[in-house]
Amino acid sequence: MGIQGADRPIEILLVEDNAGDARLTQEALKEGKVRNNLYVARDGGEALAFLRQRDGYAGVPRPDLVLLDLNLPRKDGREVLAEMKQDPSLQTIPVVVLTTSEAEQDILRTYQLNANCYITKPMDLDKFMMIVRSIEDFWLTIVQLPPRMERV
Amino acid sequence: MRPKACTFDWAGMETSVRKTRRHGRGRASAPRRAGPARRQSLEQRLRDAEERLRDIMEISSDWVWETDADHRFTHLSGRFFEVTGIAPETLIGTTRDALIHATLNPDDRQRHLAEIQAHLPFRDFIYQVRTAKGLRYFRTSGKPRFDADGRFIGYRGIGADVTEAIEANRRAEAEHRYFIEAIEAIPASLMLHDADDRLVICNTITRRFYPGLDHLLVPGTPFETLLRAQAARGFIPDAVGRLEEWIAERMQAHRNAQGTITRHLADGRWIQIIERRTSDGGVIGIRVDVTELKKQEQALARQTAFLQAVLDNISQGLSVVDGDMKLAAFNRRFLEMFDFPESFGEVGRPFEDFIRCIAERGEYGSGDVEEQVRRRVALARDPNPYCVEHVRPDGTVIEIRGNPMPAGGFVMTYTDITEHKRITRALKENAQQLAEYARDLQRSNTELEQFAYIASHDLQEPLRMVSSYCQLLQRRYRGRLDQDADEFIGYAVEGATRMQKMINDLLTYSRVGRTGGGGEAVACDEVVRTAVANLRIAIEESGARVTWRDLPTVVGDRTQLVQLFQNLIGNAIKFRSERPLEIDIWARRDGAFWEFAVSDNGIGIEPQYAERIFLIFQRLHDRSRYPGTGIGLAICRKVVERHGGRIWVTSEPGKGTTFHFTLSADAARRKE
C-alpha cells in the first residue's frame with residue numbers, strides 16, 4: 001500500500017510527553033488503514049537518541065515519519081526539530097509538528113526550522129481522529145518520500 | 001567834577017595875560033599911564049598878578065584858549081599840548097567848530113554854534129575831540145571879548161580833558177542800569193531795606209506780593225508800614241485778631257534776617273520769604289511764589305498717602321531700599337510678617353537693622369550673626385533679581401523676591417507661601433501615590449492577563465484529555481454500557497466542551513491585552529466588510545440586513561477592530577427579535593474622538609444590565625436559547641479601552657439596542 005513498500009509496516013516515532021495524548025494518537029492510528037509501528041519518545045533527548053540509535057536504542061528502525069510535540073520536558077520539540085534538520089542523516093525524515101499551541105510565533109518558528117507541516121491538536125476527539133487519519137493518508141500513502149537510506 | 005579851586009579873578013587875569021602877550025617879553029616898555037611911584041607899585045602888582053596867574057596855570061589841569069571874531073584859534077596854552085599831545089601851532093587859524101568830533105547830545109553842537117554866533121558866554125560845553133590819545137572829551141567854558149568900541153573880537157576860555165570823568169560816569173550809569181535790569185529779571189521779589197528798615201529799592205514783581213500797595217512800594221517806606229498795610233487789607237491770616245503780636249513777631253524775624261518764612265496768604269497763595277542782612281546793616285528780602293510747588297507737594301503727599309494705603313492693604317509684604325541700603329518705602333504687612341518692632345517702621349532705617357533683627361532671633365540658623373548679616377546684605381545688593389524662601393520658626397514659609405530698581409536700590413516682596421507649599425507637597429505626594437497605584441494596577445493587570453493566558457493554555461491540556469477520553473468512551477462504548485452510563489458520559493462530554501469554549505474565549509480575551517493596540521491606519525469601512533464576511537453564514541441564516549456609511553480611518557490594531565465589529569454584529573444577530581433584523585453602523589465626529597454606533601432592532605437590554613453585559617462570562621439569558629460563554633462584549637470593551645476609547649450601550653427593551661464606542665480621532669488624523 002505505501003510507496004515505501006507494501007509488505008513493510010510504516011515506522012512512526014511519536015515524540016510526546018503526555019501518555020494520554022500518546023495513547024490517543026495510538027488509538028487513532030489503530031483505527032487507520034495503514035499498518036504501522038508506533039514508537040513513543042517522552043522527551044527531546046530520548047527522541048534524538050532513538051533517531052540516532054544511541055543510548056539503548058541500538059537496532060531500532062529509522063522512522064519514516066516523526067510526529068513531534070513542541071512542549072516537551074528538558075529538550076523541547078523545537079530543539080529536536082532544529083537538530084534533525086541540521087543532521088544530514090535525519091533531515092530527510094518528514095516531521096509533522098503536532099501540538100496544542102496555536103501561537104503564530106510557534107507556527108512561524110517551526111516552519112523556519114523546516115518542519116514539514118504544523119498541525120494544532122483539536123480539542124474534539126472526532127476531529128483528532130480525522131486529523132491523524134489525514135496525516136496517515138497524506139504522508140504515508142500520497143506523498144513520495146525520499147528513498148530510505150540505511151544508516152552509515 | 002570841576003575843581004572848586006578854579007574860581008579866581010578872571011578880570012585881573014585876563015588883563016594881564018593880554019598885556020603880556022601883546023608886548024612879548026618887553027618888560028622894558030613901561031606902562032603908559034603910570035607915574036614912577038605908582039608905576040613901581042603897579043609893576044609890582046602886575047608882576048604879582050602875573051606870577052599868580054602862572055602858578056595857577058601851572059597847577060591847573062585846564063588850558064587857556066583864545067579865538068578871533070571868526071572863532072579861529074589865536075592862542076592855546078601849553079597845557080593843551082601836555083594834555084592832548086596836539087601841537088597848538090597846528091590849530092592856530094582853524095575854527096573851534098573844526099575841532100568838535102562829536103557832542104554828548106547830537107544837538108549840543110548846533111546849540112553851541114548858535115550860542116557863539118550870538119556871542120554869548122558859555123559854560124561847560126562838552127565835546128569829543130580826536131587826539132593822538134584817541135577820542136577824548138573836552139569840557140570848555142568861554143566868554144566873548146569886545147573891543148573898546150564894543151565890537152566882538154573873539155572868545156577867550158579854558159578847556160579841560162574830562163574823558164575819565166565822563167567814562168566813569170557812564171560806567172556808573174551802566175552799572176546802575178545793569179543792577180536794575182538784573183533785579184527786574186529775577187522771577188522773585190527783591191526788596192532792599194536800609195539800616196532804618198526803610199525801603200531802598202524793590203523790583204516790579206514785588207507788587208504781586210503787595211497787591212494794591214503800589215503807592216507804598218517807593219523808597220523811604222518803613223517796613224512796618226508795609227506790614228500794617230498788608231495786614232489791614234486782610235492778606236495775612238496769621239495776623240487776624242492779633243495784629244500787634246504778629247507785627248512784633250514779623251519785625252523780630254525781619255531783624256534776625258535768618259532762615260526762611262513760608263506764609264500762606266489769604267488768597268490761597270504760598271509765599272516763601274528769605275531775608276538776609278546786608279553789609280551796611282540793612283536787610284535784603286527775597287519773596288518767591290511757591291504756590292505751584294506747594295500744590296505739587298500736597299498732591300505728592302496725597303498720592304503718597306494713597307499709595308501707602310494701597311500698599312498697606314495688599315497681602316504681600318513689601319519693602320523698598322534705596323541705593324544707600326536704607327528703607328525707602330514699606331508696608332504694614334512687611335513688619336507683620338517678620339514681627340519687626342513697631343519702631344522699625346520708619347523710612348531711612350538701615351536695611352541691615354532688619355536683617356540683624358532676624359539673624360539675632362536665630363532665623364538664619366546658628367552661626368555668627370555678623371557673618372549672616374554680611375552675607376544677606378551682599379545678597380540683597382546683588383544687581384540680579386533673586387528669589388529665596390525663608391522659613392520662620394513657626395513654620396511659616398515666606399518667599400522673598402528681590403528686584404533692582406532703575407535708580408538704584410531694590411524692591412523686595414514677601415509672600416506667605418506656607419499654604420501653597422503645603423498644597424504643592426500634598427499634590428506631589430498624591431501624584432506619587434497615584435503613579436504608584438497606576439503602576440500597581442498595571443502590574444496587577446499584566447499579571448492577571450499573564451495568569452489568564454497561562455492558566456487557560458495549561459488548562460487546555462488536561463481538559464483535552466478529559467474531553468478526548470470522554471468522547472472516546474462515547475465513541476467506543478455507547479449502547480454497550482447501560483443508559484445511565486451513556487447519559488453521564490454525555491454530560492461529561494458537554495461540560496468538557498463548554499469548558500473548552502470558555503478557556504478558548506479566555507485565551508482570546510487575554511490576547512487582546514497582551515498584543516495589538518498598535519498603530520496602523522485602519523479603514524473602518526474595510527474592517528466592517530471583513531467582519532460581515534466572517535459572519536456571512538450567520539447573517540444569511542438570520543436574514544439580517546447590515547448597512548454602514550461614512551466610516552473613518554482610525555489608527556489601531558486591525559485584527560482587534562475586526563473582532564470588535566464582528567462581536568457587536570454577532571451580538572445583534574444572536575439577540576434578534578421576530579422582526580426582520582436590521583443592523584446599522586455609523587460614525588460621527590465628537591471632538592477629539594470618533595463615536596461609532598452599531599444599532600439593531602433586536603430584543604433590547606434592560607437598562608439595569610447596561611454595565612453588567614460588559615463583564616467577562618456574564619450572561620443574561622438561558623444558555624439553551626442563546627448559547628455562548630458571555631465573553632464577546634467583554635472582549636469588545638477590552639479592545640475599545642486598549643484603543644483609548646470607551647464603550648456603552650443604549651437600549652429600549654423590545655425595540656432595539658445601540659452599542660456606542662469611541663476611538664481617538666487624533667491618532668487618525670496623524671496617520672492620515
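**Reading strands and a surface patch**

Student: Let's start with the open sheet of five strands in chain B. What is its strand order, and how do the strands pair?

Tutor: This is a predicted model. In it, the order of that chain B sheet is 13-12-16-15-14, and the pairing is antiparallel. Strand 13 (327-330) and strand 14 (386-391) of chain B are the edges, each pairing on one side only. From one strand to the next, the twist averages 20°.

Student: How many bridges hold strand 12 and strand 13 of chain B together?

Tutor: Three, with strand 12 covering residues 317-321 of chain B. To find your way in, pick Val321(B): its bridge partner in strand 13 is Leu327(B).

Student: And which strands does helix 11 of chain B lie across?

Tutor: Helix 11 (residues 351-360) lies across strands 12, 13, 14 and 16 of chain B, and runs at about 30° to strand 16 (410-416).

Student: Which residues form the nonpolar surface patch in chain B?

Tutor: Phe306(B), Leu307(B), Val310(B) and Ile314(B), together with about 350 Å² of accessible area. Leu307(B) sits in helix 9 (residues 291-312) of chain B.

Student: Why does Leu307(B) count as partly exposed?

Tutor: Because its relative accessibility is 45%, and partly exposed lies between under 20% for buried and over 50% for exposed.

How values were computed:
Residues numbered from 1 in each chain as written. Chains lettered and ligands numbered in written order. Predicted model: local features only at pLDDT ≥ 70, side-chain atom pairs only at ≥ 80, totals over all residues. Heavy atoms only, no water. Pairing = 2+ DSSP bridges. Helix = DSSP H or I, 4+ residues; strand = E, 2+ residues; numbered from the N terminus. Axes fitted to C-alpha atoms, helices over the stretch in contact; angles between N-to-C directions. Contact = heavy atoms within 4.5 Å. Patch = residues over 30% accessible without salt bridge, like charges linked within 9 Å, V, L, I, M, F, W, Y side chains within 5 Å. Areas by Shrake-Rupley, 256 points an atom, 1.4 Å probe, with all protein chains shown as cover. Salt bridge = Lys/Arg side-chain N within 4 Å of Asp/Glu carboxyl O. Buried < 20%, exposed > 50% of the residue type's maximum accessible area, 1.4 Å probe, protein only.
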